Amino acid sequence: MEAEACEITRLPEELLSAALSRTSPRDACRAATVSPAFRDAADSDAVWACFLPRDLPPLADGELPPAPPPPCKKNLFLRLSDSGSPLLLPDKLVSMWLDRDTGAKCYMLSARELSIVWGDTPQYWSWIPLADSRFSEGAQLLHVCWFDISGKIPCKMLSQDTIYAAYIVFKVNEHFLGLDYPVQEASVSVGETNLTRKVCLQSNDEDENEAGAVPRHYWPVRSYPPQRTRRRNRRVVPPHGENVGLPLKRADGWMELELGEFFNAGDGEDGEVSFSLMETKGGNWKSGLIVQGIEIRRKKSG
């Protein structure tokens, strides 16, 4: 059995490389641990050039310093797929990286690249510096009743035959209100396909002991700044349902909330993916949200 296993290592490196280039970046890394012959083939430029997209977007100056000679496609892929340090595009309002499992192109649109209703009105939104982001600033919600954030990206910027998901990346400050009730509506549209789902930026776990109570950060429409409502006057409403999407904590300290997923066929047609998050029917004040942007990345299975 061992003799048969060794036979494959006698194949020319070109054949091993051709076979490995039809797998995935993760499989190529695993193959490199099999034997020296496999390592030479798995680390070759012939393999990793197949994992690099041919249509990478242009990057901002200085984002990708020249690698020391000789250039190595594998190292270039590993740098481009470092999701913890995405690379900025020339306008520095969009960042990109590659999915390390598949090489699919992923992006984040900064808050400045999004359409935020009342976003340029200092009475309702402010723009604050971000120390823990590739973007220089983010949008901070002061007070609005009409909450509406949307964005879009050309389909041609994304990888073909790939399932993506869009996520809003955000934080909430200690003075947040109105983000846990009523729930928001998220939508993702591609062509004639429009999918919507109910989501909630802030879980109301603090009210678990008072089932059906309006969260303490809820205020109906009134002249603001709103005054805190006494708990004994809180009205009864249904709790969040099982089908309401809730945010998750990210490794970088931010929160993310999935807006929806979509399939990018990449058939060459000019089209775009649109996504939005809104709550315009409840009529309550909302405050305390800090938006970094909306991320579009490959949807992992499972």
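Is tryptophan 118 buried, partly exposed or exposed? Tryptophan 118 is partly exposed, with a relative accessible area of 46%; buried means under 20%, exposed over 50%, and partly exposed in between, using a 1.4 Å probe and protein chains only.

A word on the model first. This is a predicted model in which local features need pLDDT of at least 70 and side-chain atom pairs count only at pLDDT 80 or more, while totals for chains, interfaces and linings use all residues. Residues are numbered from 1 along each chain as its sequence is written, and side-chain values use heavy atoms, with hydrogens and water left out.

**Overall build**

The protein has six helices and 14 strands, taken as DSSP runs (H or I, at least four residues, for helices; E, at least two, for strands) numbered from the N terminus. Of its 302 residues, 45% are buried.

**The pocket and arginine 250**

The largest pocket has a volume of about 500 Å³. Its lining holds 24 residues, and the closest to the centre are Ser83, Gly84, Trp97, Arg250 and Glu295. For the record, a pocket is an open set of points on a 1 Å grid over the protein atoms alone, where a 1.4 Å probe fits, with protein on both sides within 12 Å along at least five of seven lines; lining residues have an atom within 4 Å of a point. Grid points are joined across faces, edges and corners, and the volume is the space filled by probe spheres set on them. Strand E14 (287-298) is among the strands that supply at least two lining residues, and E14 gives the largest share, four residues.

Arginine 250 sits in the loop between strand E11 (248-249) and strand E12 (255-264). Arginine 250 is buried, at 17% relative accessible area. Its side chain makes polar contacts (N or O pairs within 3.5 Å, one able to donate a hydrogen and the other to accept it) with aspartate 252 at 3.0 Å and with glutamate 295 at 3.3 Å.

Most residues other than glycine have a negative phi, and most peptide bonds are trans.

| Residue | Phi | Relative accessible area |
|---|---|---|
| Tryptophan 118 | about 70 degrees | 46% |
| Aspartate 161 | near 50 degrees | 56% |

Tryptophan 118 is in the loop between strand E4 (115-116) and strand E5 (125-129), and aspartate 161 is in the one between strand E7 (147-154) and E8. There's also a cis peptide bond between tyrosine 181 and proline 182, with omega about -5 degrees. Proline 182 lies in the loop between strand E8 (162-177) and strand E9 (184-190).
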